[in-house]
Amino acid sequence: MNTTFHPMMIFWYVFPVILLFATSFVASALSLQKKWHIKGPDLAVPFLWLGLQQISTNTFAVSILPYFVISILFLGILLVVFQAYYYGEIAYKRYFKMFWRLVFLFTLMTYLLLVIMDIVHYL
């Protein structure tokens, strides 16, 4: 593990806040919400994955991205089972919208957890 603090890590700590403001601005400027119901967090997910990669390799010297992708796939399976049970059918539009929003929440929670772990690592 890396035991010295790298100043670039401060950028990755504030990256989600900057990213959410930027993607929300882009979504509203391009009228993506009106045309396709795409919001800022929907655009932010791939960029947050990049941040997950950077923070995890800095903190643990190994990427958690493969494990994260497996977790997302498991989330998708659970969501299909939930929708089939709760609604009695699987509507693809509703499924993909709910799935992508849950992926955003899961990504953001994982990102914040990694930031906390990285800060604790250097204390």
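Visitor: At what angle do the axes of H3 and H4 cross?
Guide: Roughly 140°, and the two axes come within 10 Å. Axes here are lines fitted to C-alpha atoms, for helices over the stretch in contact, with angles running from 0 to 180 degrees between N-to-C directions. Helices are DSSP runs of H or I with at least four residues, strands are E runs of at least two, and numbering goes from the N terminus.

Visitor: And what do you call that arrangement of H3 and H4?
Guide: H3 and H4 are oblique to each other. The scheme is: under 35 degrees is roughly parallel, over 145 roughly antiparallel, 65 to 115 roughly perpendicular, and the rest oblique.

Visitor: What kind of model is this, by the way?
Guide: This is a predicted model: local features need pLDDT of at least 70, side-chain atom pairs count only at pLDDT 80 or more, and totals for chains, interfaces and linings use all residues. Residues are numbered from 1 along each chain as its sequence is written, and side-chain values use heavy atoms, with hydrogens and water left out.

Visitor: OK, back to H3 and H4. Which residues meet?
Guide: From H3 you have Trp49, Leu52 and Gln53, and from H4 Leu65, Phe68 and Ile72; contact means heavy atoms within 4.5 Å. That contact has five nonpolar residues, one polar and no charged. For the classes, Ala, Val, Leu, Ile, Met, Phe, Trp, Tyr, Cys and Pro are nonpolar, Asp, Glu, Lys and Arg are charged, and the others, Gly among them, are polar.

Visitor: Which H4 residues are buried, then?
Guide: Phe68, Ile72, Gly76, Leu79 and Gln83. H3 and H5 are among what covers them.

Visitor: What happens just after H4?
Guide: Gly88 takes a positive phi there, about 80°.

Visitor: Switching over: how do H1 and H3 pack?
Guide: H1 (residues 8–29) and H3 (residues 40–60) pack at about 170°, with axes 8 Å apart. That makes H1 roughly antiparallel to H3. By class, their contact has 15 nonpolar, six polar and no charged residues.

Visitor: What does Trp12 touch?
Guide: Leu50, Gly51, Gln54, Ile55 and Tyr111, leaving out residues up to four places away in sequence.

Visitor: How many residues are in the largest nonpolar core?
Guide: It has 23, and those with the most contacts inside it are Trp12, Leu48, Ile55, Phe99 and Tyr111. A nonpolar core is a set of buried Ala, Val, Leu, Ile, Met, Phe, Trp, Tyr and Cys residues joined through side-chain atoms within 4.5 Å. H1, H3, H4 and H5 each supply at least two residues of this core, and H5 gives the most, with nine.

Visitor: How far does H5 reach from end to end?
Guide: H5 has 31 residues and reaches 44 Å from its first C-alpha to its last, close to the expected 45 Å; that expected span is 1.5 Å times one less than the number of residues. The buried residues of H5 pack against H1, H3 and H4.

Visitor: And the whole thing, how many helices and strands?
Guide: Five helices and zero strands. Of the 123 residues, 32% count as buried.

How values were computed: Buried < 20%, exposed > 50% of the residue type's maximum accessible area, 1.4 Å probe, protein only.
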